[in-house]
Amino acid sequence: MWAYESVFYQIYPLGFTGAPFENDGKLEHRITKVTDWIPHIRKVGANAIYFSPVFESDTHGYNTRDYTKIDTRLGTNEDFAMVCQKLHEQDIKVVLDGVFNHVGRGFWAFQDVLKNREASPYVSWFGRIAFDGNSNYNDGLWYEGWEGNYDLVKLNLRNEDVIQHIFSAIRGWVEEFDIDGLRLDVAYCLDHDFLRRLREFCDSLKPDFFLVGETLHGDYNQIMNDSMLHSVTNYECYKGLYSSFNSMNMFEINHSLLRQFGPEQWTLYKGKHLLSFVDNHDVTRVASILSNPNHLPLIYALAFGMPGIPCVYYGSEWGATARKEEGDPALRACFEEPISNELTEWIGKLSAAKRASKALQYGDFRSVVLTNHQCIFSREWEGERVYVAINANEAPFFAGFDAGCDKAVDLITGEKMNFNGGYELPGYSAYFWKLG
C-alpha cells in the first residue's frame, strides 16, 4: 500500500484559500492556489495531500450541500481536476475528506424534507426525524444532528438510496479527479456495515485505494481491519507526543508506543499503520502547545521515527502558531505564501529519511533506552535496523547501549557515527541511526 510509505501534507482548503465562512454562492477560483505551493510541498518531502472538505457546503465544509460539486468559494470541478492533475504529475497522491455521517441543512434532500415534511420521499434518508418535535432552527420538526449540532443533519447509512448516492459520488471523484483515497470524517460514528461495503466498493474502483478514518478513543481495531479501513488517526499518541515533552516525561509516549506496537503478544496494532500527527485543523498548533520551543524539531523527529504515517498540517512546518480557544479561523488560517526556515528544512530531511527506510515504514518497535528526558527505540525490518534517539534535555546525555554494530549513518544528516558502548547525545538533539 502506497500510503504506508508516504508522508502526508494536510490542507484545509477553505481556510488555506481565504474563502469567506458563509457560502454566498459567488464563484471564485481560489483552489488553484494549491498549484503555487507544489514546490514547497515537495520541499517538505510530502508525496500525498489530504484535503479537508472541498465540496459545496453551507459554511465550514463539513455541512455538505452537494457531494458532486466543488464548493463555489473554491472554484469549479474543472479547477480542482487541474489541481489534482498537477499534483499527480509531481507524484503526489490525493486524498479527500469523505463526510458521510452527516450533511448540511442546505443538502438538497433535507431541503425537500423541510418543504414537504411527511410527503417528502427523502424522510428515510436521515437518521431520525420527528414531525411532532422542533429544533433550535424552529423548523417544526426534530431531527438528529451530530453531537447535538443541528447544522449537521445525520444521514441514515442503512438506507440503500443513501449508500448508492454516496457511492455514485465517490465513483465520480475517481473518474473526474483521479483521487487516491478518502479520509472519513468522524469514522467512529459510521455504521460498520456501511464501512465494510465502502471498503469493498473502493477496492473495486482503484487498486490500493486508501481509507483512513478519524478516530479519538477506544479500540481502533473495531474499524481498522482487513474488511474496513486501512488506517485511523492516532489521537492517543498525538496527546502523548506533546505531553511527554511538556511534562519532560518520555515514559508517557513510550508507554503508548509499546501498548500499540511493542513486542508483546497483547500489542494492539502491531503491523498496522496509523496516521501520526502533531497537530491538525481541529487542535492547537504544535508551536503554540509546546512550552519549550527547542522541542519543536524533536517532536517532529519522534512523530516521523515512530510507527505510522506522518502527516504535516500546512503552516506548522515553519512554526505557525494558533490556539484552539482562538477559534477555527485562527487554526485554519490563510497564508499568502509558504515560508521556508530551519524547521521546514528539518522536516524535509525527516521526510526523506522516512521515505527511504523500510525499517521506519514497516519496522517493529522496541524500547532501548528510556529516562524522563531521553528515549531511544529501534525499528527493524528484513535486516534493516534503525535506532531513533531523542534527547529532550538541554544537557548532553551519554546513552549506553549495545547497538550490535559499531558503525552507523544518521539518516537525517548523512553523518557517519561510531558507537563505543553507546553515544553521547547533545542537548536538544534527535537522530535516526541506520546500522552498518
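Which residues have the most contacts inside the largest nonpolar core? In this predicted model, where local features need pLDDT of at least 70, side-chain atom pairs count only at pLDDT 80 or more, and totals for chains, interfaces and linings use all residues, they are Phe8, Phe51, Phe126, Ile170, Trp173 and Tyr300, within a core of 136 residues. Residues are numbered from 1 along each chain as its sequence is written, and side-chain values use heavy atoms, with hydrogens and water left out.

**Cores**
- A nonpolar core is a set of buried Ala, Val, Leu, Ile, Met, Phe, Trp, Tyr and Cys residues joined through side-chain atoms within 4.5 Å, where buried means under 20% relative accessible area and exposed over 50% (1.4 Å probe, protein chains only).
- The largest core has 136 residues, and its largest share, 9 residues, comes from α6.
- A second, separate core of 15 residues includes Phe419, Leu425, Tyr431 and Leu435.

**Helix α6**
- Val162, Ile163, Ile166, Phe167, Ala169, Ile170, Trp173, Val174 and Phe177 are buried in α6.
- These residues lie on the same side of α6 because they cover an arc of only 155° around the axis, taken from the directions from the helix axis to the C-beta atoms.
- On the other side of α6, Asp161 and Glu175 are exposed.

**Contacts of tryptophan 173**
- With contact meaning heavy atoms within 4.5 Å, tryptophan 173 touches Phe55, Tyr67, Leu96, Phe100, Asp178, Ile179 and Leu182, not counting residues up to four places away in sequence.

Methods: Helices (H or I, at least four residues) and strands (E, at least two) are DSSP runs, numbered from the N terminus.
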